[in-house]
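User: I've got a model open on my screen and would like to talk through its contacts. Can you take me through it step by step?

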Amino acid sequence: MNTKKVPKAFRPINKRIYSRNRCFYCGNLLRSKNSKEHVFPKWLQEKFNLWDQTIHLLNGTTIQYSKLTVPCCHRCNTVHLSKLENRVKRYLFGEPISVARKHSGDILIWVLKILLGIIYAERLLPWQRSKPGGRRILPREMKDSLSMTHFFVQGLDLKIEFEAEGQIRIPGSVFIFNLKQLPDPAEHFTFRDDLNSLSVFMRLGNRGIIATADGGAVDFDVGGAVRRDGAVKLHPVQFSEIGAKIFYKASLFNRTAKYMTMYSNKTYRVMQMPLAGLSPRPVFDDWDHFAYAHFLALFMNVDVSRVTSADQSLVSTWLYDKDGNRTYIPIDTK
Ligand SMILES: [Zn+2]
């Protein structure tokens, strides 16, 4: 490839990213050290009163949402990203849920931008690079999918077409839910992430988002069932159950998506190789009920014994009753 034509999108993926003086989004050098962007956008912190609340980081420490920032250049901050924020805010809270679902590509980029911001802020990669002989924090496969995710997040100012299993689609699985809102505003917001599977779970008042940067593998496999479960207004506890299911499912994905990228007519065409590859082995490991129960317990903030039967052969569900009928859980307004 002619070096002059090296697509802009490939620059940030090289070794220079994850530095204090480069924009987390486009990779360009910053003019001012104070050029920053909140990982959780200001409007979101305002809406859910997150300023003083804290988020757990990978190293076991916590940080206030208001202090979690990434270096970001003025142009990205004021052009692409603020346009994205305005759109997402409108899709989620100013329009019927069908509009957000129609724009799930924007929603996916938005949640992955938050996830990448957290990873960026934690400076995982420089630590790894500064101790080349040390323990690898990110396995190679994860670094690869992270690079690809970083690339896709730039779809705001680059024209990127993603194709998987013969369809033009979005480069991940994203599900958007209509939720019942708890009466106490202090309980309106939940954020969970899983950096191994690059998955995000967000409860935002009466909206819920679950997304994973898996090239669509979860969606191809169980998307229909998830959408059926999410076709009605769910109680937050039911949404958490779906979150546990999707996070566990994403953890069972045993392939690393491979891509072919071409650049022509100012468009990046990214083709995902068939997920199964040449192996007859299914792309997801077998579902283990008890392993799933651990995910469920984590999402419900309870001990695993609270969501399993005494002999551990059964796992609780809030979605269906014993006859398989949908369960309606009212909001407790005591
Ligand atoms: Zn930038």
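This is a predicted model: local features need pLDDT of at least 70, side-chain atom pairs count only at pLDDT 80 or more; totals for chains, interfaces and linings use all residues.

User: Let's start with the open sheet of four strands: what order do the strands have?

Analyst: Residues are numbered from 1 along each chain as its sequence is written, and side-chain values use heavy atoms, with hydrogens and water left out. Strands here are DSSP runs of E with at least two residues, helices are runs of H or I with at least four, and both are numbered from the N terminus; two strands pair if DSSP finds at least two bridges between them. The pairing in this open sheet is mixed, and the order is 6-5-12-11.

User: Which residue does Glu163 form a salt bridge with?

Analyst: A salt bridge means a side-chain nitrogen of Lys or Arg within 4 Å of a carboxyl oxygen of Asp or Glu. Here the closest N and O atoms are 2.8 Å apart. Glu163 lies in strand 5 and its partner in strand 12 (residues 267–272), so the pair ties together parts that are 106 residues apart in sequence. The partner is Arg269.

User: Is Arg269 buried or partly exposed?

Analyst: The cut-offs are under 20% relative accessible area for buried, over 50% for exposed, and partly exposed in between (1.4 Å probe, protein chains only). Glu163 has 21% and counts as partly exposed. Arg269 has a relative accessible area of 29%, so its label is partly exposed.

User: Over to Arg207: how far away is the nearest side chain of opposite charge?

Analyst: Arg207 is in strand 10 (residues 207–212), and it's buried yet has no salt bridge. For charges, Lys and Arg count as positive and Asp and Glu as negative, while His and the chain ends are not counted. The nearest side chain of opposite charge belongs to Glu95, and the distance is 9.0 Å.

User: Then which side chain makes a polar contact with the side chain of Arg207?

Analyst: A polar contact is a pair of N or O atoms within 3.5 Å; within protein, one must be able to donate a hydrogen and the other to accept it, and residues adjacent in sequence count only if both atoms are side-chain atoms. The backbone oxygen of Glu95 lies 3.4 Å from a polar atom of the Arg207 side chain. The side-chain partner, at 2.7 Å, is Asn178.

User: Which residues does Pro96 touch, leaving out those up to four places away in sequence?

Analyst: Pro96 is in the loop between helix 2 (74–93) and helix 3 (97–102). Its C-alpha atom is separated by 9.4 Å from that of Asn178, 82 residues apart along the chain. Counting contact as heavy atoms within 4.5 Å, Pro96 touches Tyr91 and Arg207.

User: Which residues are linked with Glu85 in a network of salt bridges?

Analyst: Glu85 and Lys113 form a salt bridge, with the closest N and O atoms 3.0 Å apart. Glu85 lies in helix 2 and Lys113 in helix 4 (residues 104–121), so the pair ties together parts that are 28 residues apart in sequence. Both ends are buried, Glu85 at 8% and Lys113 at 3%. The residues linked with Glu85 are Glu37 and Lys113.

User: Last one: how many degrees lie between the planes of Phe247 and Phe299?

Analyst: Rings of Phe, Tyr and Trp (its six-membered ring) pair if their centres lie within 6.5 Å, with planes under 30 degrees apart counted as stacked, over 60 as edge-to-face and the rest as tilted. The structure holds 19 aromatic pairs. In this one the rings are 5.1 Å centre to centre and edge-to-face, and the angle between the planes is 85 degrees.
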